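Please look at the sequence and the structure before reading on.

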Amino acid sequence: MPLDRATLASSSRSVVSSSLSFPSSDPPSEYSWVEEYQRSYPRWKSLRDSFQLPIQVTTSRVNQFDAARLDVEMSAMLKEQLVKVFSLMKPGFLFQYEPELDAFLEFLIWRFSIWVDKPTPGNALMNLRYRDERAVPVGGKAVRTGLEGPGLSVSQKIWYCLTTVGGQYLWSRVQSFSAFRRWGDSEQRSLARQSWLLLQRIEGLYKAASFCNLLIFLYSGRYRSIIERVLRARLVYGNPNMNRAVSFEYMNRQLVWNEFSEMLLLLLPLLNSSSVKRFLLPFSKNKSSDSSGNEAACPICQSNPTIPFLALPCQHRYCYYCLRTRCAAASSYHCARCNAVVVAIQRHGSSETKPSNLGDIRESSN
C-alpha cells in the first residue's frame with residue numbers, strides 16, 4: 001500500500017538526524033591522567049634501562065700493583081716468623097720443603113681473606129676488593145656509584161686457589177725435579193730432553209701472555225693478571241668515600257737522614273782528628289785540665305806509649321809511630337796538647353841521642 005508524502009518526509013528527517021547525532025558518553029574524570037601515567041611508567045622505565053650505559057669505573061693501577069706487592073711482603077713476613085720456629089732444628093731442613101711452606105702460607109692467606117669474602121691484606125690497605133664482573137648490574141636503583149656488585153662466587157674462589165696456590169706449587173716442584181734430574185743436560189733426543197723443552201716453551205708462552213696482559217692492563221686498568229682476566233675477577237674500590245691518602249713526610253725525613261748518614265760515613269775517614277782537635281782547642285773552656293789530664297798517655301792514640309818519643313821543643317810524650325806518621329804527613333805538625341809547632345823528635349829518656357829533624361823524617365818517608 002503506497003505511503004503518503006508526509007510520512008516519507010518525516011521518516012527521512014528522522015534518519016538524517018539519527019545519523020548526524022554523536023553518541024552520548026560521560027566526560028573523563030579529573031584524575032584520569034594519573035592513572036594513565038601509572039600504567040605506562042613501568043614500560044617506559046624498562047625501555048630506558050635497556051638503553052642505559054653502565055657507569056665507567058676506573059681503579060688506580062698504582063693501587064693494584066701496590067696491593068700485590070704488599071701481599072708478597074706479608075707472605076714473606078709470615079715465612080720469616082715460621083722459619084724462626086724451626087731455627088733449632090737441623091740446618092737445611094726447611095730448604096727441601098720450601099715449596100710446601102710457600103703453598104701453605106698462600107693457602108692461609110686465601111682461606112682467611114678471599115674464601116670468606118674479605119680482601120687480602122694488601123687489598124685492604126689499598127681499599128680494594130674483588131668483584132664478579134659477570135654479575136655486575138647495568139642500571140637501576142642498585143647502581144649508584146658503579147662500584148656495586150657481588151663478590152666472587154664459590155667456583156671463582158676455588159679456581160683462584162687452584163691456579164694461584166696449586167699452580168705455583170706444582171710449577172716450582174716440576175722445576176726443581178727437572179733441575180735435580182738434569183733433564184736439560186741430556187744430549188740425545190730422549191723423553192727427558194723433550195719434557196725439558198716442553199717446559200721451556202710453556203714458560204715462554206706464559207711470560208709472553210703475561211706481558212700482553214700487562215700492556216692491556218696499563219691501557220684499560222682492569223685485570224692485572226691472567227688469572228683475574230680468565231675468572232673475570234676485577235679489583236674495585238671497597239669504599240667509594242675512602243681515597244688513598246698517603247703522607248710522604250715520614251719517608252722524606254727517612255731519605256734525608258739516610259743521605260746525611262751516608263755522607264758522614266764517607267767524610268769521617270777523610271778527616272784528621274788531630275787537626276779538628278787543634279782547631280777546636282782555642283775555643284775550649286777547660287784547656288788546662290784537658291792538657292794535664294793524662295800526661296803519661298799518648299795524645300793521639302790515648303794509650304801508654306810503647307816506644308815513647310818527645311816532641312821538641314814542648315817535651316810532650318808520644319808513641320814513636322803516632323808522632324812520626326803525623327810529622328811525615330803534615331808540613332808543620334802542631335802538638336796535640338799545647339798546639340806548639342813540633343820541629344824535632346827525640347827518644348824519651350835518652351839525652352845523648354841526637355834529635356831527629358822533621359825534614360829528615362819527611363825525606364826518609366818519601
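## Salt bridges

Arg-69 and Glu-73 sit four residues apart in helix α3 (residues 61–85), so about one helical turn separates them. The model is a predicted one, in which local features need pLDDT of at least 70 and side-chain atom pairs count only at pLDDT 80 or more, while totals for chains, interfaces and linings use all residues. Residues are numbered from 1 along each chain as its sequence is written, and side-chain values use heavy atoms, with hydrogens and water left out. Helices (H or I, at least four residues) and strands (E, at least two) are DSSP runs numbered from the N terminus.

Arg-69 and Glu-73 form a salt bridge, with 3.1 Å between the closest N and O atoms. The term salt bridge stands for a side-chain nitrogen of Lys or Arg within 4 Å of a carboxyl oxygen of Asp or Glu. The count by this rule is ten. Arg-69 is exposed at a relative accessible area of 52%, and Glu-73 is partly exposed at 35%. Buried here means under 20% relative accessible area, exposed over 50%, and partly exposed in between (1.4 Å probe, protein chains only).

Glu-98 forms a salt bridge with Lys-79. This pair links distant parts of the chain, with Glu-98 in helix α4 (residues 98–111) and Lys-79 in helix α3, 19 residues apart. Glu-98 is partly exposed, with a relative accessible area of 29%. A network of salt bridges links Lys-79, Glu-98 and Asp-102.

Another salt bridge joins the side chains of Arg-173 and Glu-100. Here too the pair links distant parts of the chain: Arg-173 belongs to helix α6 (residues 154–181) and Glu-100 to helix α4, 73 residues apart. Arg-173 is partly exposed at 27% relative accessible area, and Glu-100 is partly exposed at 28%.

| Pair | Closest N to O distance |
|---|---|
| Arg-69 and Glu-73 | 3.1 Å |
| Glu-98 and Lys-79 | 2.7 Å |

## Backbone features

Which peptide bond is cis, with omega near 15°? It is the bond from Leu-312 to Pro-313. Pro-313 lies in the loop between β3 (308–312) and β4 (316–319).

Asn-127 is not a glycine, yet its phi is positive, at about 60°. This residue is placed in the loop between α5 (121–125) and β1 (128–132). Asn-127 is buried, with a relative accessible area of 11%.

Tyr-223 has a positive phi of about 60° as well, although Tyr-223 is not a glycine. Its place is in the loop between α7 (191–220) and α8 (226–231). At 5% relative accessibility, Tyr-223 is buried.

Arg-234 is part of strand β2 (residues 233–237). Is Arg-234 buried or exposed? Arg-234 is buried, its relative accessible area being 6%. Its side chain makes a polar contact with the side chain of Glu-133 at 3.4 Å. A polar contact is a pair of N or O atoms within 3.5 Å; within protein, one must be able to donate a hydrogen and the other to accept it, and residues adjacent in sequence count only if both atoms are side-chain atoms.

Neighbours within four places in sequence aside, the residues in contact with Arg-234 include Val-57, Thr-58, Arg-222 and Tyr-223. Among them are also Arg-129, Tyr-130, Arg-131 and Glu-133. Contact means heavy atoms within 4.5 Å.

## The largest pocket

The lining of the largest pocket has 38 residues, of which Thr-163, Thr-164, Gln-168, Tyr-206 and Ile-227 lie nearest its centre. A pocket is an open set of points on a 1 Å grid over the protein atoms alone, where a 1.4 Å probe fits, with protein on both sides within 12 Å along at least five of seven lines; lining residues have an atom within 4 Å of a point.

At least two lining residues come from each of α3, α4, α6, α7 and α8. Helix α6 gives the largest share, nine residues.

## The whole protein

The protein has 13 helices and six strands. Of its 366 residues, 22% count as buried. Among contacts between residues at least 6 apart in sequence, 56% join residues at least 24 apart.
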